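Okay, thanks everyone, I'll keep this short. Let me put the thing up on the screen and then walk you through it.

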Amino acid sequence: MSQLGMNGGPEPISAEGLRAVREELAQLRAEREKVAATLRGVEPGDQADAADELQRASEVTRLDRRIAELEGRLREAEAAGAPSTRVVGVGSTVTVRFDDGMEETVEISEMAEERDLTLVTFDSPLGKALIGRHPGETVNYDTPAGAASAVVLSVGPGE
């Protein structure tokens with residue numbers, strides 16, 4: 001999940017992204033605790049219990065890896081500081097006006113989740129078009145319905 005910014009350093013994270021990471025981290029820690037509590041020494045000779053025990057130990061290892069990833073992402077975000085208010089990057093809240101005149105505020109995120117704001121992942125067509133742009137610039141990108149464009153009206157840190 002490690003993200004390097006345009007300057008080669010750690011990528012900021014939006015407030016919404018931060019909430020999502022912390023929420024997932026809490027869920028994973030609770031799940032890990034439940035699974036780890038079921039681990040116990042298995043008496044020799046009971047292969048079914050031994051296989052089940054091995055599967056639970058493997059699940060704890062998987063959870064530990066994901067927890068470590070998320071903890072690392074939080075450390076990176078802390079080191080990176082707040083998202084820029086001058087140029088679009090991961091963690092930015094961007095107000096755009098689309099071809100049809102509709103205006104929408106989107107948040108550039110590294111993960112897509114249903115939240116309060118419309119999240120646009122940094123690697124989506126619109127996200128790729130917006131990264132590195134400034135207010136007043138027009139971006140062009142592809143949609144399933146064809147080519148589209150939007151004007152960047154403002155850039156701010158995530159809410």
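So, what pattern does the protein chain follow when you read along the sequence? The pattern is α-α-β-β-β-α-β-β. That gives three helices and five strands in the protein chain, where helices (H or I, at least four residues) and strands (E, at least two) are DSSP runs numbered from the N terminus.

Quick housekeeping. This is a predicted model, where local features need pLDDT of at least 70 and side-chain atom pairs count only at pLDDT 80 or more, while totals for chains, interfaces and linings use all residues. Residues are numbered from 1 along each chain as its sequence is written, and side-chain values use heavy atoms, with hydrogens and water left out.

Some overall numbers, then. Of the 159 residues in the protein chain, 38% count as buried. Buried here is under 20% relative accessible area, exposed is over 50%, and partly exposed is in between, with a 1.4 Å probe and protein chains only. The protein chain exposes about 9200 Å², and carbon and sulfur atoms supply 51% of that; the areas come from Shrake-Rupley with a 1.4 Å probe, and for residues only the protein chains shown count as cover. As for contacts (heavy atoms within 4.5 Å), take those with a separation of 6 or more: residues 24 or more positions apart account for 56% of them.

On to the nonpolar cores. By that I mean a set of buried Ala, Val, Leu, Ile, Met, Phe, Trp, Tyr and Cys residues joined through side-chain atoms within 4.5 Å. The largest one has 17 residues, and Val94, Ile108, Leu126, Leu130, Val139 and Tyr141 touch the most other members. Which elements give two or more residues to this core? They are strand E1 (92-98), strand E2 (103-109), helix H3 (125-130), strand E4 (138-143) and strand E5 (146-157). E5 gives the most, with four residues. Apart from that core lies another, of eleven residues, with Val60, Leu63, Ile67 and Leu70 among them.

Leaving aside neighbours within four places in sequence, Leu126 is in contact with Phe98, Val120, Val139 and Tyr141.

Now E1, which is mostly covered: six of its seven residues are buried. E1 pairs with E2 in the antiparallel sense over five bridges; for two strands to pair, DSSP has to find at least two bridges between them. Val94 stands opposite Val106 in E2, and Thr93 has Glu107 as its bridge partner there. The hairpin of E1 and E2 has four residues between the strands, and Gly101 takes a positive phi near 90 degrees in it.

Last topic, charges. Side chains of opposite charge can pair when their charged atoms come close. How many salt bridges does the structure hold? Eleven, counting a side-chain nitrogen of Lys or Arg within 4 Å of a carboxyl oxygen of Asp or Glu.

Take Glu31 and Arg62: they form a salt bridge with the closest N and O atoms 3.9 Å apart. That pair links distant parts of the chain, with Glu31 in helix H1 (residues 15-37) and Arg62 in helix H2 (residues 47-80), 31 residues apart. Glu31 counts as partly exposed because its relative accessibility is 34%, and Arg62 is partly exposed too, at 38%.

Arg62 also forms a salt bridge with Glu59, at 2.7 Å between the closest N and O atoms. Those two are three residues apart in helix H2, so about one helical turn separates them. Glu59, at 23% relative accessibility, counts as partly exposed.

Buried or exposed: what about Arg73 and Glu76? Both are buried, and they form a salt bridge with the closest N and O atoms 3.8 Å apart. Elsewhere, salt bridges that share partners join Glu24, Arg66 and Glu69 into one network.

Glu53 counts as buried because its relative accessibility is 12%. The side chains of Glu53 and Arg56 are joined by a polar contact of 2.7 Å, meaning a pair of N or O atoms within 3.5 Å where, within protein, one must be able to donate a hydrogen and the other to accept it, and residues adjacent in sequence count only if both atoms are side-chain atoms. Glu53 and Thr38 are 15 residues apart in sequence and 8.3 Å apart in space, C-alpha to C-alpha.

That's what I had, thanks.
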